[in-house]
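Subject: Structure handover

Hello,

Here is the structure I said I would pass on. My notes on what was found in it follow below.

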Amino acid sequence: MALVLPDPYPGFLKEGGWARPQLPTLAVREAVEASANRKPVWAMLQAHDGTLFGNKDRRAPTFADLRGQLYQAIAAGAKGFFWYCRYWIEPHVEISLTYLAREVAVLREAILAPESPLDFAAVHPGGELDDLHLSRRQVGDHTFLFAVSSSDQPREMTFSVASLPDGPLFVVAESRTVNVRAGTFSDAFAPYATHIYSSAEPLAREVRMAAALKDIEANAHPTAKPGDLAARDNGGVVSVSQGSEPQRWPSAG
């Protein structure tokens, strides 16, 4: 084998949340430690609906689910990834994966860079949080900070970050900034949210998440076109006008 490839499927629950929220981090970290830098670690990530494999309480992943497990794997040391999907992939999953392919291409150098020895940590009275996954990378003069929440609750987080001057960090793909003051900055995290901070402003603006989310919303909740009498929301019923010949054609039902 030329590489190590764990497949840590978190399992997305119908009532919301993940069955195993930290699994991408734990599996990739174990593989990285076991490989001892002899082979690169890639990850096979879950882009399928668990009901396809008999799990009745499962669902397809959302955009946040896909992005969260991807960056958990990256923060834990994965240098590449595949997605396990099906040929009837859901439209919102296909849009999400297309966007994420562009995003990781923009961040390629940061993803492949080694972990920085400089500090990047959450300021938290109880110590390290096992549902917060952090990584700091350096590419030339630019710093990249990966922060992934695997909590099902929204929260405000404060981070300490060494050797950065006061001023803005640019949140990749989100068209906004956070401000470093005396070695700390704060940001809000929705459930299962991922934020990537960088000192490289042009790179941070190369991809825009809002357009992908708008496209996902339009496809996940399509509206009927004028004249579409068969649209579900119009209450239309479709029936065949002529019976089929069983020997020649499959049933219309």
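I begin with the largest pocket, whose lining residues divide into eight nonpolar, four polar and three charged. That lining has 15 residues in total, and Arg29, Glu128, Leu129, Leu132 and His133 are the ones nearest the centre of the pocket. Helix 1 (23-35), strand 3 (120-122) and strand 4 (132-139) are the elements that each give two or more residues to the lining. The volume of this pocket is about 270 Å³.

Please keep in mind that this is a predicted model.

For orientation, the protein has 253 residues, and 45% of them are buried. It contains six helices and 10 strands. Of the contacts between residues at least 6 apart in sequence, 69% join residues at least 24 apart.

The search of the whole structure found two cavities of 30 Å³ or more. The largest cavity holds about 40 Å³ of space. Its lining consists of Ala47, His48, Asp49, Leu52, Cys85, Arg86, Trp88, Ile89 and Glu90; by class, these are five nonpolar, one polar and three charged residues.

The second largest cavity holds about 30 Å³. Phe170, Val171, Ser175, Arg176, Ala204 and Arg205 line this one, which gives three nonpolar, one polar and two charged residues.

Helix 2 and helix 3

Two packed helices are described by the angle between their axes and the distance between the axes. For helix 2 (residues 63-75) and helix 3 (residues 91-106), the axes come within 9 Å and cross at roughly 35°. The crossing is right-handed.

Which residues in helix 2 meet helix 3? They are Phe63, Leu66, Arg67, Leu70 and Tyr71. On the helix 3 side, the partners are Val93, Ser96, Leu97, Tyr99, Leu100, Glu103 and Val104. Taken together, the residues of this contact divide into nine nonpolar, one polar and two charged.

Glu206

Glu206 itself lies in the loop between helix 5 (201-204) and helix 6 (209-220). Is Glu206 buried or exposed? Its relative accessible area is 56%, and the cut-off for exposed is over 50%, so Glu206 counts as exposed.

Regards

Conventions: Residues numbered from 1 in each chain as written. Predicted model: local features only at pLDDT ≥ 70, side-chain atom pairs only at ≥ 80, totals over all residues. Heavy atoms only, no water. Axes fitted to C-alpha atoms, helices over the stretch in contact; angles between N-to-C directions. Helix = DSSP H or I, 4+ residues; strand = E, 2+ residues; numbered from the N terminus. Left-handed = near helix turned anticlockwise from the far one by under 90°. Contact = heavy atoms within 4.5 Å. Nonpolar A, V, L, I, M, F, W, Y, C, P; charged D, E, K, R; others polar. Buried < 20%, exposed > 50% of the residue type's maximum accessible area, 1.4 Å probe, protein only. 1 Å grid on protein atoms, 1.4 Å probe; cavity = no way out; pocket = protein on both sides within 12 Å on 5 of 7 lines; lining within 4 Å. Points joined across faces, edges and corners; volume = space filled by probe spheres on them.
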